[in-house]
Every structure is written in C-alpha cells, then in structure tokens.
Amino acid sequence: MANPNPPPVIVVGAGLAGLSAAYSALQAGSPSVRLLERAAKPGGNSIKASSGINGAPTKYQNAAKYGVDNSFWDDTVRSAGTRLNATVAEPIKKQRQGLISTLTTRSAAAIDFLVDLGVDLSVVAQLGGHSKPRTHRGAGKTPPGASIVTTLLAKLKDQGPDRFSLVTEAEVTKLLTSSSSPTTVTGVEYRNPQNADPAAAPPQTLHGPVVFTTGGFGGDTHGLLAQYRPDLSGLPSTNDPRPGAHAVLSAAGARLVDMESVQIHPTGFVDPASPQTPVKFLAAEMLRGEGGVLLVKGKRVVNELETREKVSGVIMGLTQAEEEEGEGGLRQWDVQLLLDPGATEAAAGHVGFYLWKGLLRKVKVSELDETTRETLREYAAVVRGEKEDAFGRVSFGHWRLGADGEFDEDAEVCVGRVTPIVHFTMGGAVFNEQAQILSSELGEEEKPIGGLWGAGEITGGIHGDNRLGGSSLLECVVYGRIAGEQAAKAALQARA
Ligand code: FAD
Ligand code: SIN
C-alpha cells in the first residue's frame, strides 16, 4: 500500500553516482531527496573527469565509418582479464557478466538521459582497450565531468528546497538498521560540523531508504590503498586525497570484492614547476585517442591504445626516472606525451588548458632530437598504411604529421612529461543488477541488504582487473539511476 507520508530518499555522496540517483529518485516519484556530502563542495572525483562517458550504439558514433557498435560488452569482458576468464567459477562469471550487460545495454540510454538534460556529448573518441570510438564528450572547452555534474546539480536545485536538499560537510558515519531486522537499513547517522564544534558535534540521524555513492579509495593513500596494495606506495594519484567510506558499508553487512584491483593510469602529468607533487593533473586518455603517442628516450614502447593495465605495465617495467631514484621521493617514470598538429587540433579544448598550466609546451619538429624525429617519420609511414605498427596500433585518431608523405619540420607539436599514476579502484561493495548492496559474496545466492542501494566507484565486480576509460561515468549514471528509482519505490511503499 502506498505511504501517504513517505520518508525522503537519502543519498550519501554528491559525485555523479549520487547526483544521478537523486535525480532519478525524484523522477520516480519520491517526494524528497536528502543528499549528504562530506566535502565542502559537491562533485567528488566526478567533476574532474576529462575524457568522457561511454555509450553504444549512439547517434553520435560514426556508424558509416566504423560500422554499428555492438562490441562494447565484448571489450568490457576482455578488459576484465583474469577476473572473468575461462577459469572463473560459473556462478561468479554469471554475476559479473550480468553487471556488465546492464552497464553496456543501458549505455545508449544513459547518453540520451544526459543529452536530454542539456549536456553536450556530441564528440566521440576511441580510448584504450576499446575496439571502436565510443567515449562521448562535448565540443566546447568544459571537460565532460564538470559539464555533467553542473548540469545535474542545476536540475536538482530547480526542484526546489522541499523536494531536494544538499547538505555539505556532512559525513555519514553509520548506517542505522532495524531493531527487528538487523539486515535492513533504515537510515543514516551523520556529523555536520557546520552546526557545532566539530569535535563535539553530536551525530544527527535521518530515516529513509539509503543510496550509498561515496566513491573509491584511490585517494586513501595511507588507509585502504596501503592496506590492499602496499606495493603501490610512492606512486602519485589523480584522486582527491580522502579516506574511503567502505567500512561504513561493511559494518552493515556488505561484502567487498576485487579490492586489490587498483587501476594505474599511464599518463599523469609531471608538472615541471613541481615534479614531486603527489596529486597530479591527469593527461586525459583522449589525448592519445585523438592521436597522441608516448615516447621513452625518443622511442615508442607500446600501443598507446592498449588497456591502461597493459600500457602502465610496459612503462613500469622500464627503469624509473633517474632524478627521483634514491631521493625518497615519488616513484615516477620519464615518458613524453607528444601530440602532432592533428591531435592538438582535435583536443584543442583540453590542450589550451594544459598549455596554460605549463603541463604541455609547443615545439617545432625541427627542435626535437634526431631519435624522436626518426620515430615520428616511421610512425607516419604506419599511419599512411605503408607498414604495420610494431606495437599493433591500428587506430591513429587525427594524426596528420607526415600522413600525406610530406614530413613538415616546421610543424608545431605539443610535448609534456607524464608518468603512471594511481587513478581508480575497481573493487568495492558486492552488488547486483538492481543496484542492491549484498551481504553475500560474489557468486553466492544473492542476499540483498534491505533499504540499501549503491552505485559508482564504491561498488565492485563490474570491471574486474581493468576498467575501460569512460566506463566509470557510465556506471555512475546507469547504476545511479537504477538505485534512485528502486529507493524511490521503497520510500513510496514504506509503512507509515
Ligand atoms: P565521486 O565522484 O568521487 O563522489 C563521491 C562523493 O562521496 C565525494 O564527493 C565524497 O566527498 C563523498 N563521500 C565520501 N565518503 C562520504 C561519507 N562518509 N559521507 C558523505 N559523503 C561522502 N571516468 C570516466 O568514465 N571518464 C573520464 O573521463 C574520467 N576522467 C577522470 C579524471 C580524473 C582526474 C579522475 C580522478 C577520475 C576520472 N574518471 C573518469 C573516473 C571517474 O571520474 C570516477 O571514478 C567517478 O566519477 C566516481 O564517481 P562517484 O560518484 O562514484 O564518486
Ligand atoms: C582520462 O581522461 O584519461 C580518464 C578517463 C577515465 O578514467 O575513464
């Protein structure tokens, strides 16, 4: 029976997963949503997203050139590696494959959802590990994370304060459970130091169905990251430094999976003005997708559009940068990202920002050393189709230096130093295709925790060993929407 006075849907964490859940809960009829955010501002790591969001098949993809895109599921399964290979037990495989199916089959609808809200996603690039271009971003200068987050936030605020409220500096510390059913979540306990002396602030409570969207632990350097991957100590990170909130879920019975699977992105910018800064700007993968190459001492070492796991693995197998060794500083490598005029033009919005920050600089081809120039001449022959790439690269984005047979020494290229960097955590809470957080292990008979849903980087089991670029924003939208709808339904049916 419908509740005449339903409780609010409570969303914990105001990144893209939380914002998608909040919006969908309201669309699904929940009279109100309370969004609690630990930081002073909403957006989380989502607002920093730079390459875009995957979707297939969509109207923005060039089907005439690349064919209709039916390979997103296959690419995602391949990228999951050992977590989803032939040796994996059938029930675990089935659950992982189901999560991927929901992600990929709902991807086109996720793009439509954002476009209908007013987000421009008309430009499509091919990222590493993808067999076709399917990562969508806007044509202007605003990076995709910022444009998606700000649009959703504005739409939520349009709903008015009775329907939607965002409380910042509110850290959820506990999930409340029912006294009659300890496996059912009934609300949250949180601290909001704005209201009192932070040390003495009494916890506040809020009752209603809960959607948990607190993100990953790539920025929890000395906590969860050190616990699960001590071998990554000393690597820089792209993530905001902050503790993971996984223990809050575990205390309510949630299981964690794949926590050792941490993604190292191959290209964090090493700022020449502050090379030892541990939190770095990312050199967006779409820079390589649009044509960029990676050089070590003037030579290519890898297919730049392999999965991140492979590209980072090759680089990290090389000797670390000499200036950092033995100094007790960060572990960094000396890799050059180089964009020819075609790649520079295709990524103009991003390149302008990186040039302004001093992370990229322009040089003439004639100013490059002879080894680099020879590498570029050979690469141009590959782009022209005169020979196969020694590393197997088959997609060259908008590369045009030497592509017509003329190698213009006066052309300007953009160069910058990059290094592998902690970026994303594939592991997290076990959940199912309805976005319910489970108290069962992956592959066991599903035991959903009542009243609790999750989405985004806090959840685990979708990506396996390696997440494809562009699939995190996608999981936030796909599973955030499902979680919001389900929580709204529960709120409307809750006993008065
Ligand atoms: P977040 O966006 O991190 O939000 C979680 C929020 O929860 C945070 O605001 C946090 O403060 C809050 N929180 C945490 N604990 C609590 C608590 N206890 N109580 C209350 N609030 C809490 N992915 C792509 O798909 N495409 C890209 O182009 C892309 N580019 C990226 C570029 C960068 C530089 C980075 C860092 C990541 C990028 N990613 C990209 C990855 C992607 O942005 C993130 O994985 C994803 O946005 C995570 O979203 P989320 O909503 O799960 O978490
Ligand atoms: C990037 O812009 O390279 C990050 C994309 C992602 O993490 O999906």
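User: In this chain, what share of the contacts between residues at least 6 apart in sequence join residues at least 24 apart?
Analyst: That share is 75% (contact: heavy atoms within 4.5 Å). This is a predicted model, where local features need pLDDT of at least 70, side-chain atom pairs need 80 or more, and totals for chains, interfaces and linings use all residues. Residues count from 1 along each chain as written, chains are lettered from A and ligands numbered from 1 as written, and side-chain values use heavy atoms, without hydrogens or water.

User: How far does the chain span along its principal axes?
Analyst: The C-alpha trace spans about 75 × 55 × 50 Å.

User: And how much of it is buried?
Analyst: Of its 496 residues, 56% count as buried (under 20% relative accessible area; exposed is over 50%, partly exposed in between; 1.4 Å probe, protein chains only).

User: New topic: how many aromatic pairs are there?
Analyst: The structure has 9 (Phe, Tyr or six-membered Trp rings with centres within 6.5 Å; planes under 30 degrees apart are stacked, over 60 edge-to-face, the rest tilted). Take Tyr379 and Trp399: their ring centres are 4.9 Å apart and their planes sit at 85°, so this pair is edge-to-face.

User: Where do those two lie in the chain?
Analyst: Tyr379 is in helix H13 (residues 370–383), while Trp399 is in the loop between H13 and strand S16 (412–425), so the pair ties together parts 20 residues apart in sequence. Helices (H or I, at least four residues) and strands (E, at least two) are DSSP runs numbered from the N terminus.

User: Are Tyr379 and Trp399 buried or exposed?
Analyst: Both Tyr379 and Trp399 are buried.

User: Which residues do ring pairs link into a cluster?
Analyst: Phe269, Phe281, Phe353, Tyr354 and Trp356 are linked that way.
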